[in-house]
Amino acid sequence: MRLDLFVSHYNYWVVIFLMMVGFYILISRGNLIKKVVGLNVFQTAVFMLYISMGKITGGTPPILVDPYGAGEGHNGAEGGPEGAEAGLGGTETLHEAAAEVMYSNPLPHVLILTAIVVGIATTSVGLALAVRIKEAYGTLEEDEISRIEAEREAAE
Amino acid sequence: MSIVVDIVLFTLLGAAGFALLKVRNLFAVVMLAGIYSLLSAGLFTVMDAVDVAFTEAAVGAGISTVLFLGALALAGHHENRPGHTPLLPLIVVVVTGGALVYGTMDMPGFGHPGNPVHHHVADHYLEESYDEIGIPNVVTSVLASYRGYDTMGETTVVFAAAVGVMLLLSGARRPRSRGGGGGETAGEGEGA
Amino acid sequence: MREEIIIRVGAKFLAPFIIMFALYVHFHGDYSPGGGFQAGVILAAAFALLALVYGLEAVQKVLPLRFTRMCAALGVLIFAGVGVVTMLLGHNYLGYNALAPDPTHPEHGQHYGILLVELGVLVTVFGVMVTVFYHFAGRGRGDS
């Protein structure tokens, strides 16, 4: 029973481990660029969680194998649990084969596809901010920046 | 077979993540981040998300590495040794991770075709999209047609990010000066 | 890197193929993995490669910053414009069926709509990636 739980959940646990590595980099390191890297690691872990949920064991990528058969014949529900036994009694082997194909869930793929591109766009904004901070303070380390700020306030 | 690939890739990913944590030369960190992205692209392929793997390989291992290198060339690549004790972040991370693992216990198992996530709208997309949209790649038809508003929003966000980078980086570069002259750069806040 | 003959020749040799591949990924995205997002990034990567090998000035002669900036805005305009056109034709916003009013084959309009919308995505992603790259690479050389 325990082994069962492991096999059906280890994906989530590895994802959580990676997420926590990213989180740890984010909160324990002072360098701003390292923080951006940590944020990226966290982000990729979230992507993996979504894609893990969309996977069906024994499924194929959601690109229709035989769209004409699937479109005209309505040989049953691909992607559903009943897709496996949806063969039509062997009238046409090609269509039957297409009907037995199980597709993984396309919806998480769509969400993550756009999220990746948005992720790189926001990362570039973060890096641009880091570059400006470096130019303004001469350092990227958080504690040095707050020290410089404190010195400036004291000099006022 | 696929489960072996799965486990090997996850192990490598874990190792890459750990190395990212430990290495302090930021050039090496950026290269490791590229490797991390490429490995996760492989994992996406194993999990049937070919479009996502494609994007991750092109974005994460390609453009993102170039942008990080550009930023490092401008901002220097040395990271200081963390000054404070890492105990508190470690506790926070362990507690958060524990709570999340506890949360997964109620989640349906990985890869079962009967999971609720596969039966909300995904059935409709897979069964009807060829009649309604007429293209075999379901991801494209969902992306561009069923969820066209989403995609338009994301395109706008990408554009807005570019505007942000242009605003941040296109001004003239001021010479950096510490102490007295620094009022110029931080001057907006102080009004000096 | 400007003196390395292998890298120079290799980059020059690879760039057209990368651009071709990007266009293939875009226009074949209906039938295989791919689409506007990936194609835009790959197209931008081709120019980033050329800029890394031949220098920013050489690439900016071919692809000026003004043009990529315009691309970034133009793509969003194409995407939103398709929606406005379908609305003027009497359908919902982004209801692509309006583009080819053919009740027996509603998917024709969808084909046109998806192609146009993906083109908008391609143009925006390409423009944004190249613009951002130019700004990071051009910073610290006096101008940007």
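These legends walk through several close-up views of one predicted model.

The model is predicted, with local features needing pLDDT of at least 70 and side-chain atom pairs counting only at pLDDT 80 or more, while totals for chains, interfaces and linings use all residues. Residues are numbered from 1 along each chain as its sequence is written, and chains are lettered from A and ligands numbered from 1 in the order in which they are written.

**View 1. Chain B meets chain A.** Here 87 residues of chain B are in contact with 81 residues of chain A (contact: C-beta atoms, placed from the backbone, within 7 Å). Several helices of chain B supply at least two residues each to this side, among them α1 (2-22), α2 (26-46) and α3 (50-75); helices are DSSP runs of H or I with at least four residues, numbered from the N terminus. The largest share, 14 residues, belongs to α3(B). Sorted by class, the chain B side holds 51 nonpolar, 22 polar and 14 charged residues. In this scheme Ala, Val, Leu, Ile, Met, Phe, Trp, Tyr, Cys and Pro are nonpolar, Asp, Glu, Lys and Arg are charged, and the others, Gly among them, are polar.

**View 2. Chain C meets chain A.** This contact takes six residues from each of chain C and chain A. On the chain C side, the largest share is three residues from helix α5 (residues 107-138). That side has four nonpolar residues, one polar and one charged.

**View 3. A look along α2(B).** The 21 residues of α2(B) reach 30 Å from first C-alpha to last, close to the 30 Å expected at 1.5 Å a residue (the expected span is 1.5 Å times one less than the number of residues). Its buried residues include Leu26(B), Val30(B), Tyr36(B) and Phe44(B); buried means 20 or more other C-beta atoms within 10 Å of a residue's own, exposed means 12 or fewer, and partly exposed lies in between. Their cover includes α2 (32-54) of chain A, along with α1 and α3 of chain B. Just after the helix, look for Asp48(B), which takes a positive phi of about 70 degrees.

**View 4. Tyr93(C) in its loop.** Tyr93(C) is found in the loop between α4 (65-88) and α5 of chain C. It counts as partly exposed because it has 14 C-beta neighbours inside 10 Å. Leaving aside neighbours within four places in sequence, Tyr93(C) is in contact with Gly83(C), Thr86(C) and Met87(C).

**View 5. α2(C) beside α5(C).** The axes of helix α2 (residues 36-54) of chain C and α5(C) come within 7 Å and cross at roughly 30 degrees; axes are lines fitted to C-alpha atoms over the stretch in contact, with angles from 0 to 180 degrees between N-to-C directions. The two helices are therefore roughly parallel (angles under 35 degrees). The crossing is right-handed, a term for a near helix turned clockwise from the far one by less than a right angle. Residues making the contact include Phe37(C) and Phe47(C) of α2(C), with Phe126(C) and Phe133(C) of α5(C). By class, this contact has 17 nonpolar, two polar and one charged residues.

**View 6. α7(B) beside α5(C).** The axes of α7(B) and α5(C) come within 10 Å and cross at roughly 20 degrees, which means that α7(B) is roughly parallel to α5(C). This crossing is left-handed, with the near helix turned anticlockwise. Among the residues in contact are Thr151(B) and Phe159(B) of α7(B), and Thr124(C) and His135(C) of α5(C). The contact has twelve nonpolar, seven polar and no charged residues.

Key. Two residues are in contact if their C-beta atoms, placed from the backbone, lie within 7 Å. Angles under 35 degrees count as roughly parallel, over 145 as roughly antiparallel, 65 to 115 as roughly perpendicular and the rest as oblique.
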